[in-house]
Each structure stands twice: as C-alpha cells, then as structure tokens.
Amino acid sequence: MCKILLSINPEYVNQILNKTKIYEFRKVKCKKNIDNIVIYATSPISRVVAEVKVEEILEDMPENIWNITREFSGITHEYFLEYYKNREKAIAYRLGKVKKYKTPKSLNEFGIKSAPQSFIYL
C-alpha cells in the first residue's frame with residue numbers, strides 16, 4: 001500500500017468531497033503504485049482534509065484522457081488543454097471512496113514541513 005500527499009486547490013477539494021470530480025490530473029505519474037491520495041487543501045485552508053482511494057490510473061495522450069474523464073473532470077476543456085499544453089502524455093487518477101477527516105490536520109502531523117509542488121510519498 002502506497003500513499004501520496006497532493007496539494008489541491010480548495011475549489012477542487014470540495015468537488016472531490018461531494019463526488020462531482022472523480023478524476024485528479026497530473027503531468028507526472030508516480031513511480032510507485034498508488035493506493036490512496038491524502039488531500040492537502042491549499043491556501044486559505046492550508047490543511048490536510050481527507051484521503052481518497054485510487055481506483056485506477058489512466059495514462060494516455062491528453063485528448064484520449066479528456067474523452068474518458070470529461071464528465072467528471074471538475075475542470076473546463078480549456079483549462080485541461082492549457083494544463084497539458086505541449087505535453088504528449090496525461091495522467092488521471094480515478095478517485096473512489098473518500099474519507100473526510102473530522103478535524104483537518106497540519107502537515108506537521110505527517111512529518112512534512114511544507115506543501116509539495118507536485119506530490120510526496122507518505
């Protein structure tokens with residue numbers, strides 16, 4: 001079992017928590033097999049708020065990933081295209097069961113000093 005911590009904008013965190021966004025997009029795939037994502041909501045929340053099970057990891061050309069994920073992407077097509085501009089590969093984590101923490105946690109509680117730009121293994 002391998003977990004990563006991701007920094008995610010609060011707008012998208014809310015969509016993940018209410019299950020209107022079930023895909024999380026990244027430009028780089030983790031080298032290890034990921035079972036869970038620990039969600040750090042960025043400023044102004046700046047807290048670890050939830051964990052979510054990773055059901056599947058999709059890796060393909062951006063246009064193919066968009067065709068699969070668009071209904072539950074939580075983002076606009078324009079935003080997606082800009083995010084993957086000049087990229088040949090897109091990564092999408094299909095999110096499953098969400099466990100929201102009753103009390104949000106600090107990064108210190110995970111032994112982390114600052115929020116990662118991309119991700120950090122836990």
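Guide: Happy to; we'll take a strand, a helix and a pocket in turn. Keep in mind that this is a predicted model.

Visitor: Is strand 3 buried or exposed?

Guide: Six of the six residues of strand 3, residues 36–41, are buried, so the strand is largely enclosed by the rest of the structure.

Visitor: Which residues of strand 3 point which way?

Guide: Asn36, Val38 and Tyr40 point one way, while Ile37, Ile39 and Ala41 point the other way, and all are buried.

Visitor: In which sense does strand 3 pair with strand 4?

Guide: Antiparallel, over six bridges, with strand 4 spanning residues 47–60. There, Ala41 stands opposite Arg47.

Visitor: What about the hairpin between strand 3 and strand 4, how many residues are between the strands?

Guide: Five, and Ser46 takes a positive phi near 50° in that hairpin.

Visitor: Switching to helix 2, which residues are buried there?

Guide: Pro62, Ile65, Trp66 and Thr69 are buried in helix 2, which runs over residues 62–69. They cover an arc of only 100° around the axis, which puts them on the same side of the helix.

Visitor: Why would residues spaced like that point the same way?

Guide: An α-helix has 3.6 residues a turn, so residues three or four places apart point the same way.

Visitor: What covers the buried residues of helix 2?

Guide: The cover includes strand 2 (23–26), strand 4, helix 3 (77–83) and strand 5 (90–105).

Visitor: Can we zoom in on Thr69? What is its relative accessible area?

Guide: Thr69 has a value of 1%, and is therefore buried, as the cut-off is under 20%. Leaving aside neighbours within four places in sequence, Thr69 is in contact with Tyr23, Phe25, Leu58 and Ala92.

Visitor: Last topic: what volume does the largest pocket have?

Guide: About 280 Å³. The largest pocket is lined by 16 residues, and Glu24, Phe25, Arg26, Tyr79 and Tyr83 lie nearest its centre. Strand 1, strand 2 and helix 3 are the elements that give two or more residues to this lining.

Visitor: How does the lining of the largest pocket split by class?

Guide: The lining has nine nonpolar, four polar and three charged residues. Phe25 ties two of our topics together: Phe25 is in contact with Thr69, and is also among the residues nearest the centre of the largest pocket.

Terms used:
Residues are numbered from 1 along each chain as its sequence is written. This is a predicted model: local features need pLDDT of at least 70, side-chain atom pairs count only at pLDDT 80 or more; totals for chains, interfaces and linings use all residues. Side-chain values use heavy atoms; hydrogens and water are left out. Buried means under 20% relative accessible area, exposed over 50%, partly exposed in between (1.4 Å probe, protein chains only). Helices (H or I, at least four residues) and strands (E, at least two) are DSSP runs, numbered from the N terminus. Two strands pair if DSSP finds at least two bridges between them. The arc is that of the directions from the helix axis to the C-beta atoms. Contact means heavy atoms within 4.5 Å. On a 1 Å grid over the protein atoms alone, a cavity is a set of points where a 1.4 Å probe fits but cannot get out, and a pocket is an open set with protein on both sides within 12 Å along at least five of seven lines; lining residues have an atom within 4 Å of a point. Grid points are joined across faces, edges and corners, and a volume is the space filled by probe spheres set on the points. Ala, Val, Leu, Ile, Met, Phe, Trp, Tyr, Cys and Pro count as nonpolar, Asp, Glu, Lys and Arg as charged, and the others, Gly among them, as polar.
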